[in-house]
Number of protein chains: 2
Amino acid sequence: MPSLELTFLGTGTSQGVPIIGCDCPVCLSEDPRDNRSRTSLLIRMPDLHVVIDTSPEFRTQCLREGVNRLDAALFTHAHTDHVMGFDDMRRFCEMEDRQMPIYAAQETMTHLRRMFQYAFDTPQIWKNYLRLEPHVIDGPFQLGKTTILPVELPHGKMMSTGYVFSREGRTLLAYFTDCACVPETAREAARGAEILVLGALRDTPHPTHMNFSQAIETAEAIAPGATYLVHLSHEVSHSKKQPELPVGCQLAYDGLRLTTPL
Amino acid sequence: MPSLELTFLGTGTSQGVPIIGCDCPVCLSEDPRDNRSRTSLLIRMPDLHVVIDTSPEFRTQCLREGVNRLDAALFTHAHTDHVMGFDDMRRFCEMEDRQMPIYAAQETMTHLRRMFQYAFDTPQIWKNYLRLEPHVIDGPFQLGKTTILPVELPHGKMMSTGYVFSREGRTLLAYFTDCACVPETAREAARGAEILVLGALRDTPHPTHMNFSQAIETAEAIAPGATYLVHLSHEVSHSKKQPELPVGCQLAYDGLRLTTPL
């Protein structure tokens with residue numbers, strides 16, 4: 001049966017979990033759900049395999065999950081924990097002998113172009129190099145049968161981009177991470193989504209990321225089928241935190257897969 | 001006893017081994033020595049813990065090896081497989097509440113500054129952010145009791161930087177990777193080094209990297225105590241290739257440690 005499959009490639013915040021040299025209970029935890037590489041989501045439908053962000057661990061995430069096809073990459077913003085695996089997309093260019101379509105808002109694309117200048121500026125003639133097909137987004141766009149609506153989310157002095165995926169009348173997925181809040185226009189776009197993914201850093205407030213109570217309030221306003229929280233810090237123990245969350249709201253973890261018939 | 005400890009954090013070429021989606025015998029090998037993250041070397045002496053390059057896997061390499069102190073980072077060049085773990089040095093700034101001294105040739109530093117602009121340009125006031133102390137090198141420099149001599153190596157249209165480490169009259173280590181050859185000035189600087197690390201991609205020639213026969217010829221000319229080969233491609237099976245190498249010349253592998261009394 002045709003299906004939508006979501007694979008959480010990574011679910012951790014900027015330094016991942018465990019953090020280098022940290023001996024807190026979560027960083028020393030043997031629960032694999034507490035082992036969090038940097039946040040990224042793989043979305044697979046029969047006609048479209050797309051990743052949101054390429055974290056520093058993108059290569060090992062792909063190896064872990066057996067990813068051998070990628071049709072496009074979307075970017076939320078250009079902070080290091082979301083983009084440093086960018087060059088490893090080269091392998092998907094090589095395997096299919098194709099350019100890799102990438103989608104990002106203007107500000108994000110400008111940063112990507114600065115950071116990965118060689119990939120944007122080099123003649124794209126080498127089969128095993130990263131060959132890009134950049135698309136600056138400023139409104140909804142179509143990939144296969146899927147419509148993707150970008151929404152702006154405040155993230156400190158900058159904006160990050162959230163994405164809402166719809167297909168044949170269904171709002172399949174809304175993905176909002178790295179934001180201080182989810183403004184009403186974005187909530188409206190996501191309302192009733194089958195799956196909502198939200199960034200939720202920790203219990204205590206943070207100037208540029210939602211904490212748990214803000215994410216829970218946002219999820220209640222959007223009223224999705226189910227909510228999954230990502231971009232989790234080492235202050236979050238999976239086994240301790242999960243029982244405190246409302247019904248329908250779950251902590252994601254690296255390697256978690258969700259499958260829905262299409 | 002005071003000692004020099006070398007830890008091979010990574011030993012693979014640009015895409016690492018296994019390569020995403022590759023089903024060659026080496027990429028499917030269960031020999032852990034065939035599992036190669038991107039090339040980086042950690043050098044530890046009582047007064048100095050220094051890394052050469054910060055590969056995309058730098059965070060997980062540090063976790064694997066229990067690295068919890070770093071006093072400086074040297075860079076060979078700014079290709080993605082050598083620098084994309086750069087931001088993960090932030091943790092060593094946080095733990096010691098210090099800036100991280102980084103050393104690179106002018107061209108490499110210019111690229112690092114472009115790629116990691118935020119870390120160079122932001123006021124360095126946040127305890128858990130990457131705080132840099134950049135040093136552009138153009139000749140020998142001293143770190144603790146160790147003298148480090150940079151040498152230029154041709155790497156396609158650009159140059160990479162090799163490093164020769166000396167201490168109290170001993171030439172401890174020469175590290176030459178990502179080069180089409182090792183010119184006579186660099187050979188002379190490294191002659192008789194106790195340990196020589198050379199990049200050696202594969203059997204067949206490559207325009208910008210030494211292959212095995214070029215690396216072996218270079219090692220014979222330098223006549224070190226021992227030679228270790230890094231930056232290995234997925235064409236190299238450890239168990240098959242090692243027996244073909246001359247006495248004193250070994251394939252390095254991720255996690256290999258060498259210890260020498262000082």
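Let's start with chain B, where 7 strands make an open sheet in the order β7-β8-β9-β10-β11-β12-β13, with mixed pairing. At its edges sit β7 (141-143) and β13 (249-251) of chain B, each pairing on one side only. From one strand to the next, the twist averages 25 degrees. Keep in mind that you're looking at a predicted model.

Now zoom in on one pair of neighbours. Strands β11 (residues 195-199) and β12 (residues 226-230) of chain B run parallel, and 5 bridges join them. One spot to look for in the viewer is B:Gly199, which stands opposite B:Val230 in β12(B).

What lies across β11, β12 and β13 of chain B? That's helix α7 (residues 212-222) of chain B, and it runs at about 155 degrees to β11(B).

Chain B also touches chain A. The contact takes in 22 residues of chain B and 22 residues of chain A. On the chain B side, the elements that give two or more residues are α1 (58-65), α3 (90-96) and α4 (106-115). Which of chain B's elements gives the largest share of this side? It's α1(B), with 4 residues.

| Kind of residue | Count on the chain B side |
|---|---|
| nonpolar | 10 residues |
| polar | 7 residues |

Methods
Residues numbered from 1 in each chain as written. Chains lettered and ligands numbered in written order. Predicted model: local features only at pLDDT ≥ 70, side-chain atom pairs only at ≥ 80, totals over all residues. Pairing = 2+ DSSP bridges. Axes fitted to C-alpha atoms, helices over the stretch in contact; angles between N-to-C directions. Contact = placed C-beta atoms within 7 Å. Nonpolar A, V, L, I, M, F, W, Y, C, P; charged D, E, K, R; others polar.
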